[in-house]
Amino acid sequence: MLAAMPPTTSPTPVNGDGAPVRDRADACPGALRLHPADDGRLARLRLPAGILTYRQALLLATVAERLGDGHLDITSRGNIQLRGLGESCGAELADLLHGAGLLPSEAHERVRNIVASPLAGLDGTVQRPGADVQVWARRLDELLCASAAATALSGRFLFALDDGRGDMAGLGADVMLLAQRAQGRQDARGVRGTQDARGAQGADTAVLCIGTNRPERTASGPLFTAFQVAAADAPKAALIAAETFLTVATATGPGAWRVRELPSGHGLGEAVAAGLVEAGIAAGPTSPPPDLPEAGPPPPGPVTAGDGTTALSVYAPLGRLTAGQWRLLTTVGGSGELRVTPWRGVIVPGLDPAGADASLDRLRAAGLITTAAAPSYGVSACTGRPGCAKALTDVRSDAEAATRAAATGAVPDTPATGAVPDTTGTDAVPGARPVHWSGCARRCGRPAGGPGGGHVDVVATADDSYEISLRGRLLTTTTAGPELAAAVATARTTTVTR
Ligand code: SF4
């Protein structure tokens, strides 16, 4: 049901360089800074590299039931959100999180935004000790929490650690570390390494990437700068890049929360180079910046690890699990650790292969997505009504209804739209491409990247309708119902051509 309300989004003012001008601090929610929503307070808990022990996961399930609405939302950065929290639960929530080791530094709790390749070391790719993204994540988190300057980072500033497969490259991180293998050794993609920019042939290296390699996302053109550093120096180099960003952002004017928001001529690359030298980190610029590999998320299902164990890859329908579903993940025989992914999924490592299929069946029976053939795979949605005051509609119910209708064939025939002209795309999508439903034009939680050249964008509008777009091009406008389901299904499978 759509309600006619005016859009509430007002764009951030920009200066002559296209850089934002803000007179307020970032208001991103955290575990201590609870956001007031229509369904109660909202807490967002950062999980560096998405890692949770079973004990921590069970604690979160208990917290969701005791203090919240009994659900756990997985965000597009692999963090956990709790909703429906009471007005006065903040102190109790903080105590519980402290007790579980989930709040190592209160001052840094909102800036520990670190995503990492979730299948690193779990699918047969070899992680060398010096270039293991899990090790990098722990070290970077320690360094962040020890940096007084880093407390000034926005809650939106993102670090991404890629084991070489390229799954992090599409997430638009501000600072990314890409693991590389030294000459003669294979990286996670099976690509043999080459001599690095510093001539080092005997050690693994990392490419430190600053800013996005997607010019269309920047305010002032390409901002991508890259340096090659020794793998052992990578976490420190990432912190230096972030701290230098803060210095440059302050010097160039108010308002930049992300690297891509810096005004033109910001000089961040030169400043980072100087900072690395000052810290004694040998770094060579990679010129031109490398073409980053891009890989998609881990598909749902079993994953065979090189050590003879099996990992399970599962997804949360519309990014939300009940406390019971969440607890079930800790009972299927894994190694005691969960990896929450930036695609609203969870990896359960360390299962005996003999019992993996039965465990996957249990998770499927409980409602989790365990196969790419599941109708709800690739479908995400924002909170919408009734939780969000800005929402024009109950977008999650509409998304579920449309997904059900498409799965059962209960959709009318739609005129063939044929190929969608696209000036930036290069690809055809073999299956259904991801779709994100938004209750208003803010598009909270939309995927930053993904396979198949982007997601279908379904946005509620003020005139009782939804707009369906792909790559910024409006495909159609329709009201909720069978036509909407058909239009979304068509958009998800339409071939994209140049
Ligand atoms: S996109 Fe969704 S969650 Fe975000 S403000 Fe709009 S309705 Fe609310």
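How do the residues of the shell around the ligand divide into nonpolar, polar and charged? This predicted model is read with local features needing pLDDT of at least 70 and side-chain atom pairs counting only at pLDDT 80 or more, while totals for chains, interfaces and linings use all residues. Residues are numbered from 1 along each chain as its sequence is written, and side-chain values use heavy atoms, leaving out hydrogens and water.

**View 1. The shell around the ligand.** The shell divides into five nonpolar, two polar and three charged residues, with Cys and Ala among those counted as nonpolar, Gly among the polar, and Lys and Arg among the charged. Around the ligand are C382, T383, C388, K390, A391, G439, C440, R442, R443 and C444, each with a heavy atom within 4 Å of it.

**View 2. D141 in helix α3.** D141 is found in α3 (residues 133-145), a helix being a DSSP run of H or I with at least four residues, numbered from the N terminus. Because its relative accessibility is 12%, D141 counts as buried, that is, under 20% relative accessible area with a 1.4 Å probe and protein chains only. The side chains of D141 and R112 are joined by a polar contact of 2.8 Å, the term denoting a pair of N or O atoms within 3.5 Å, one able to donate a hydrogen and the other to accept it, where residues adjacent in sequence count only if both atoms are side-chain atoms.

**View 3. Helix α4.** Of the 18 residues of α4, 13 are buried, so the helix is largely enclosed by the rest of the structure. Just after α4, G253 takes a positive phi of about 125°.

Methods:
Helices (H or I, at least four residues) and strands (E, at least two) are DSSP runs, numbered from the N terminus. Buried means under 20% relative accessible area, exposed over 50%, partly exposed in between (1.4 Å probe, protein chains only).
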